[in-house]
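This note is meant for a colleague who is opening the model for the first time. The points below may be read beside the structure.

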Amino acid sequence: MTLPDGVERRDFGDESALATRGEPAYGEPVVDGWRRWDAHRSKLGATLELGVDTGLAGGDSVLYLGAANGTTVSHVADFAGPTYAVEFAPRPVRDLLDVAEARTNLFPLLKDARKPETYAHVVESELDAIVQDVATRGQADVALANRQFLADDGRFVGAVKARSEDVTRDPGDVFEDVLDRLRDGYEVLATERLEPYHEDHLAVVATPK
Ligand SMILES: C[S@@+](CC[C@H](N)C(=O)[O-])C[C@H]1O[C@@H](n2cnc3c(N)ncnc32)[C@H](O)[C@@H]1O
């Protein structure tokens, strides 16, 4: 399995699970300073758990789109470098601010990921990675709009939720359409369905083209 430096498999009682080192953020178990990263609660956690080669590395600069209350981005900030966390719903951002309090490299942004021009003055360019989990219609368009922040050899690591695009269509058909649109600006390197952790979600790893 290819894990970024700073993400390890650790024992929690009689189970082993992915973990990062940092301040607890959402009541997760912590053993010897290692916080359990629950793949059932995190699409990126599931992506890593399933052994997908994301290309993410310890110390990466990251733009995280769809941060919600910070469950996943708290783990990302534990292993990454500067981590910009975009979320447009004010309520979860309140929790995200608490998560960021304990992490000097995590920068919450109450912004709409479809409008990158509203945070382009804050987010550095030539980033190593975009991690996306927006669960909204137009997921490929969000990825394309934010491609400008990525270095030429940077990675896009996203989770596509089929039902956010169209509840009535077959998820496989929805994924094909999203991937086709994504190819307008990215080369797709890997895809993986996230079952059994997340129903009808597709992990996508891509690089700008
Ligand atoms: C599935 S949740 C994210 C969960 C989070 N990534 C985690 O694992 O901890 C999707 C989030 O994306 C946010 N979102 C959807 N569209 C967005 C947009 N255009 N800009 C910013 N956030 C958006 C939603 O408000 C929601 O909090």
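1. Basis of the note. The model is predicted: local features need pLDDT of at least 70, side-chain atom pairs count only at pLDDT 80 or more, and totals for chains, interfaces and linings use all residues. Residues are numbered from 1 along each chain as its sequence is written, and side-chain values use heavy atoms, with hydrogens and water left out.

2. The largest pocket. A pocket is an open set of points on a 1 Å grid over the protein atoms alone, with protein on both sides within 12 Å along at least five of seven lines; a cavity is a set where a 1.4 Å probe fits but cannot get out, and lining residues have an atom within 4 Å of a point. Grid points are joined across faces, edges and corners, and a volume is the space filled by probe spheres set on the points. The largest pocket has a volume of about 360 Å³. It is lined by 22 residues, of which Gly 66, Ala 67, Glu 87, Asp 133 and Val 134 are the closest to its centre. Helix H2 (71–79) and strand E6 (83–87) each contribute at least two lining residues; helices (H or I, at least four residues) and strands (E, at least two) are DSSP runs, numbered from the N terminus. By class, the lining of this pocket holds 9 nonpolar, 6 polar and 7 charged residues (Ala, Val, Leu, Ile, Met, Phe, Trp, Tyr, Cys and Pro count as nonpolar, Asp, Glu, Lys and Arg as charged, and the others, Gly among them, as polar).

3. The whole structure contains 2 cavities of 30 Å³ or more.

4. The largest share, 4 residues, comes from E9. The lining has 7 nonpolar, 3 polar and no charged residues.
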